[in-house]
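This briefing covers one annotated site and a few charged pairs. Look over the sequence and the structure before reading on.

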Amino acid sequence: HSLQVLLIFAEEDNQSDGFWWACDRAGYKCNIAQTPESALECFLDKQQEIVVIDHRNSRYLDGEGICRSIRATKPSEHTVIVAVVPRISADQEETSVLPLLNAGFDRQFMENSSITACYNELVQIEHGEVRSQFKLRACNAVFAALDHCQEAVEITSEDHVIQYVNPAFEQMMGYHKGELIGKELTELPKSDKNCADLLDTINTFIKKGKEWQGVYYARRKSGDSIQQHVKTTPVIGQGGKIRHFVSLKRLHCTNENNKQVPGLEHLSCEDRLRELGLFKSHSFKCKNRRKDSTDVNSVTSQSSDAPSLQTRRYSSMARIHSMTIEAPITKIINIINAAQENSPITVAEALDRVLEILRTTELYSPQLGTRVEDPHTSDLVGGLMTDGLRRLSGNEYVFSKNTNLRHSHLSEPSTISDVPPCITQLLENEESWDFNVFELEAVTNKRPLVYLGLKVFARFGVSEFLNCSEATLRAWLQLIEANYHSSNSYHNSTHAADVLHATAFFLGKERVKGSLEHLDEVAALIAATIHDVDHPGRTNSFLCNAGSELAVLYNDTAVLESHHTALAFQLTTKDSKCNIFKNIDRNLYRTLRQAIIDMVLATEMTKHFEHVNKFVNSINKPMASEETSSHSEGSNCQCTANIKNFPDNQTLIKRMMIKCADVANPCRPLELCIEWAGRISEEYFAQTDEEKRQGLPVVMPVFDRNTCSIPKSQISFIDYFVTDMFDAWDAFAHLPVLMQHLANNYKHWKTLDELQCKSLRLPSEN
């Protein structure tokens, strides 16, 4: 974790520069704020570990006021705040630090713009206060975990004085923690069901620093005894002495704890305990049968008519347990629960962790770790993988869309054969991965999609499949291309042509072709053609933040991707002359339409990792195991035949194919890769400019045209989004040329980045 520092100075001067370069030398991330508002906003966003506030002149900046406003926030609990105070002359008396401490500052720094002095100050803070704060922060996390743990936890001092119990302990024993903390264990009532010498045996073990584990009877506040599985561990502290004892307690299920109640005979031990109120009603984990964690509540008294009510509840519970309507995830959880019953405790606990993961809502989104610490990666993730739900009222972003064919003075081809020779010559190379779409853009006057589309669609027999004339197909391609914005530097019809070309290239690979039907190929080519139609040159996050019409229409979810598909179908079916679907039957149309929609929606980046992980787990891994077994048996692999038998797998392949085609720029030849990088950067720069003009949140701050490093942004994009996805796609489709380009281009960006870093010159030491 790289330390983060916030500098708050009304104006940048030698002192702020000293801290800035000190941060650079120490490898800390540094932000500068010049107003109280921007300082608080930056702190709440980044939650820096060290904040340095200029307290030299209150006329320019109210240092104490800013400090108090930061201290009023929850994240500041573990932040060290430093006041920069003016240097005093030899004849002046040093002032007290108490006013600063009362305002919330942790320490003061006497004005000194020397980089070394600033560096020494920051490093001392890191090794002192910051590291201590890290430990305190970790303690908070530990106690939060304990509070949510389903095992009963009790921590006592070396003298057996209770210092902590968690909610699960309170529920199991019937006490409130206020009744327990500070009391010696000897003060609590004991059960008379334990062996006479059991406590002596336990004490003998733990006083020697050994862990004791076994079954123990405890008396609840209500007076009844419950049998527990207890593990008590001594904690060695300062001086090598035992400072604490930690006890983990689980309910030990026996018939004695589970007296028969009418209607319970058919239920398992766990279900009986749940019905008796010893399990939380919302906890359905099968744990007691393997002596594992449980949530326990007090046994409540029942009124005189309780037995009849209970009997009805028990029969309802039995019906619920016998229900056959199960989702696949429920079946998986039930299988794991069953496997836990007779598993060793270590395996059962590992399966517990599996169950916790399976119960989360985001199964495929990675937990972002160190890779996202890089600001370029962080901004790309924030800009591409969120819908930017930070709303500012009063800002409306509406882009005009003309759903009619935009007439052009360009002459369009009337047939495939009616194409200018220079274009025909270029298109002879369209089956090669190294095809230069920018040359086609130039000779077609920014109308490459119609020409490439006619050639590719003819090669794949699209007109024949759709039973439409070449004239209808041509009119449709003209209509779609006319609704791409040529003013966009990146998301224009050249990008659509590029994605169409990549999709066609992938469809030509043997394993892809063998896995898909003709309908899938047609759907993929149409999806690639329309996938960004009417793109405004702004991200989903921007549209959501601006409260655009489209964001409102699509509820801030997959806004652009939903618009691309909806508009494409509206345009297509609006005019019979352009309707390529008019001659196919209803069922075929619905199947084709669903496949197209699914593929275009797959280009939305918030589900990027879900699509990649599903592909790896459902396609790559089974295929690898099949290939291994087929080699060992000396038979041919039937992988593609098996995939054809499972429509869900075909869907995963189509999603992966269009996703890879959509972001294949880093896998193109270097000159094309560089051009695409410049174009996407320019579009992001324009968005940042507009966000600043409109006072909207800046979604990707690193894409500032005055400061952005294009090599760094490309490196981050390749590292975070491209490499893993293309590794998986290559393992399926076999794409050595692409992977070689990717390696070469990555090396190119790395070299440029290193040269940029070397060109930066540190200022001379003050």
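Where is H491 found? In this predicted model, H491 sits in the loop between α18 (470-482) and α19 (493-507). The points below take up this residue and then the salt bridges.

**The annotated site**
- An unreviewed UniProt entry places the feature "active site" at H491.
- H491 is buried, because its relative accessibility is 13%, and buried means under 20%.
- Apart from neighbours within four places in sequence, H491 is in contact with H485, D532, H535, I680 and E683.

**Salt bridges**
- Side chains of opposite charge can pair when their charged atoms come close.
- The whole structure holds 30 salt bridges.
- One of them joins K455 and E430, at 3.9 Å from N to O. K455 lies in helix α16 (residues 448-459) and E430 in the loop between α14 (421-427) and α15 (437-443), so the pair ties together parts 25 residues apart in sequence. K455 is partly exposed at 29%, whereas E430 is buried at 2%.
- E441 pairs with R679, with the closest N and O atoms 2.8 Å apart. E441 is buried, with a relative accessible area of 10%, and R679 is buried at 13%.
- R705 forms a salt bridge with D689, and their closest N and O atoms are 2.8 Å apart. R705 is in the loop between α29 and α30 (710-733), while D689 is in helix α29, 16 residues apart. R705 is partly exposed at 36%, and D689 is partly exposed at 25%.
- Salt bridges with shared partners link D13, D54, R56 and E111 into one network.

Notes:
Residues are numbered from 1 along each chain as its sequence is written. This is a predicted model: local features need pLDDT of at least 70, side-chain atom pairs count only at pLDDT 80 or more; totals for chains, interfaces and linings use all residues. Side-chain values use heavy atoms; hydrogens and water are left out. UniProt positions are given in the numbering used here, feature names are shortened, and annotations may be inferred rather than shown by experiment. Helices (H or I, at least four residues) and strands (E, at least two) are DSSP runs, numbered from the N terminus. Buried means under 20% relative accessible area, exposed over 50%, partly exposed in between (1.4 Å probe, protein chains only). Contact means heavy atoms within 4.5 Å. A salt bridge is a side-chain nitrogen of Lys or Arg within 4 Å of a carboxyl oxygen of Asp or Glu.
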